[in-house]
Amino acid sequence: MRASAYPLVDAGAAAALVLAHAPVLGAERVPLSDCPGRVLAEELVASAPLPAFPSSAVDGYAVRAVDGGKSLRVVGESAAGRPFDSKVQPGTAIRILTGGVLPDGTDCVVMVEDVELSGEVVKIPAGLVAGQNFHAPGADLRAGEEVLRAGTVLGAAEIGLAAALGRADLPVGRRPRVALLSTGDELVEVGKKPARGQIPDSNRWALLAALRDAGAEVRLLGIGPDEPEALRRLVVDALEGADVLVTSGGVSVGTHDLIKPLLESLGDVHVGRVKLKPGKPFTFATIPARMRVSAPHPGPPPDGGREKVAFGLPGFPVSSLVTFEVFVRPALRKMQGYSQLQRPTLPVRLGYDARATADRTEYQRVTLRREGRDLVGVSTGSQSSSRLMSLAGAHALVRIPPGDQGIKEGTIVEAMILALP
Ligand code: AMP
Ligand code: MG
């Protein structure tokens with residue numbers, strides 16, 4: 001073991017540094033069918049009013065309000081998609097169906113339940129008001145109105161709005177292309193029987209899930225060995241065509257921890273250790289588009305010469321996922337243009353005495369339950385960085401500032417919400 005040469009960076013400062021270096025990737029047009037969960041890259045403006053024409057809200061009769069109380073001859077029909085195209089004369093009515101165009105010459109709709117029909121004559125109730133029972137043009141959206149802001153996540157309603165405005169595709173933030181590598185000679189493929197001293201590569205699948213959830217397109221590189229040259233070749237190849245490199249393991253100060261020197265040789269290591277628990281060895285680097293490889297590739301650099309970002313996550317499963325939450329997820333969201341980079345927070349009453357770590361911010365995992373008006377955070381048990389059970393089913397992360405104070409049971413804290421109970 002040797003002492004780390006990297007200064008311990010404050011967790012908040014490290015997160016800010018990462019975000020400052022994460023590039024916004026730009027937009028691509030995708031059909032509405034591929035829009036769910038994507039981020040709108042430009043504001044969506046209504047090109048026409050919605051509805052575009054006066055549209056009946058009910059089944060009934062289109063009349064003039066001044067004809068209230070009279071008996072009117074029914075001279076035609078306006079069904080959805082089949083308008084009545086002549087001007088309606090005083091003293092007559094038009095049968096109208098929901099979604100039908102309110103014909104010229106009429107100013108309101110009487111519900112079918114409110115009239116008496118005998119043959120071709122309807123008795124209209126008195127006291128009609130012009131404008132009733134139809135949606136005026138622009139009632140839902142005026143032409144030129146801002147519908148959705150850039151940075152909005154596209155869900156069902158947002159996609160429905162785009163379609164209603166006649167947009168078949170939308171500009172969305174490009175997904176970051178992430179190369180994901182696990183490192184460590186103790187790792188075996190999941191499903192293979194580990195020999196003594198070996199463990200399944202679980203981080204790959206946990207991080208794949210977290211990356212996909214954050215919108216990334218992931219290329220799985222498998223398991224990298226604890227051997228500098230082989231690791232270097234793997235990483236250099238992987239970085240071709242990737243925007244981001246995520247590795248797990250190999251960042252602590254053991255002699256087999258090779259990621260930091262590798263990133264150092266390819267680019268600039270901005271963070272090599274953080275005041276964070278779990279996740280102290282978290283490493284962040286940027287790598288120029290033209291990597292510092294011994295034999296540079298001919299031709300222009302890939303991706304228009306954009307710098308790449310590299311995250312060396314610690315090997316312990318909880319550490320890798322917590323550092324993903326704190327550092328990687330917001331960066332991936334920035335790259336896609338999300339306006340909301342961070343998880344939402346909610347006030348939570350601590351249901352236990354949270355002890356602090358002297359020199360590091362701690363993210364403790366809790367489940368939440370309702371108690372009256374409060375959400376109460378209950379520890380998920382041992383917070384060991386190897387114990388994935390501390391994160392499985394956790395609803396929130398509670399940030400405990402460094403020091404010797406801790407946070408007393410009953411205190412209200414702002415918790416980072418991962419899922420609601
Ligand atoms: P390291 O950061 O490489 O020293 O790894 C720290 C701890 O995390 C060791 O106990 C490793 O066995 C474990 N670990 C590293 N990589 C993985 C992985 N991909 N899946 C599960 N555990 C891992
Ligand atoms: Mg290792």
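1. Pro51 is placed in the loop that runs between strand S3 (44-45) and strand S4 (55-56), where helices (H or I, at least four residues) and strands (E, at least two) are DSSP runs numbered from the N terminus. The peptide bond leading from Leu50 into Pro51 is cis, with omega near -10 degrees.

2. This is a predicted model, in which local features need pLDDT of at least 70 and side-chain atom pairs count only at pLDDT 80 or more, while totals for chains, interfaces and linings use all residues. Residues are numbered from 1 along each chain as its sequence is written, chains are lettered from A and ligands numbered from 1 in the order in which they are written, and side-chain values use heavy atoms, with hydrogens and water left out.

3. A cis peptide bond also joins Lys277 and Pro278, with omega about -5 degrees, and Pro278 belongs to the loop between S20 and S21.

4. The structure holds three aromatic pairs, a pair being rings of Phe, Tyr or Trp (its six-membered ring) with centres within 6.5 Å, called stacked when the planes are under 30 degrees apart, edge-to-face when over 60 and tilted for the rest. One of them is stacked, because the rings of Phe282 and Phe327 have centres 4.0 Å apart and planes at 15 degrees. Phe282 lies in the loop between strand S20 (273-277) and strand S21 (283-287), whereas Phe327 is in helix H6 (residues 317-336), so the pair ties together parts that are 45 residues apart in sequence.

5. Around ligand 1 there are 16 residues, of which Glu186, Asp201, Gly250, Gly315 and Phe316 come nearest, a residue being near if one of its heavy atoms lies within 4 Å. By class, this shell has four nonpolar, nine polar and three charged residues, with Ala, Val, Leu, Ile, Met, Phe, Trp, Tyr, Cys and Pro counted as nonpolar, Asp, Glu, Lys and Arg as charged, and the others, Gly among them, as polar.

6. An oxygen atom of ligand 1 is 2.7 Å from an N or O atom in the side chain of Glu186, and a nitrogen atom of the ligand is 3.2 Å from a polar backbone atom of Asn203. For Ser252, a side-chain N or O atom lies 3.2 Å from an oxygen atom of ligand 1.

Methods. Polar contact = N/O pair within 3.5 Å; in protein donor to acceptor, adjacent residues only side chain to side chain.
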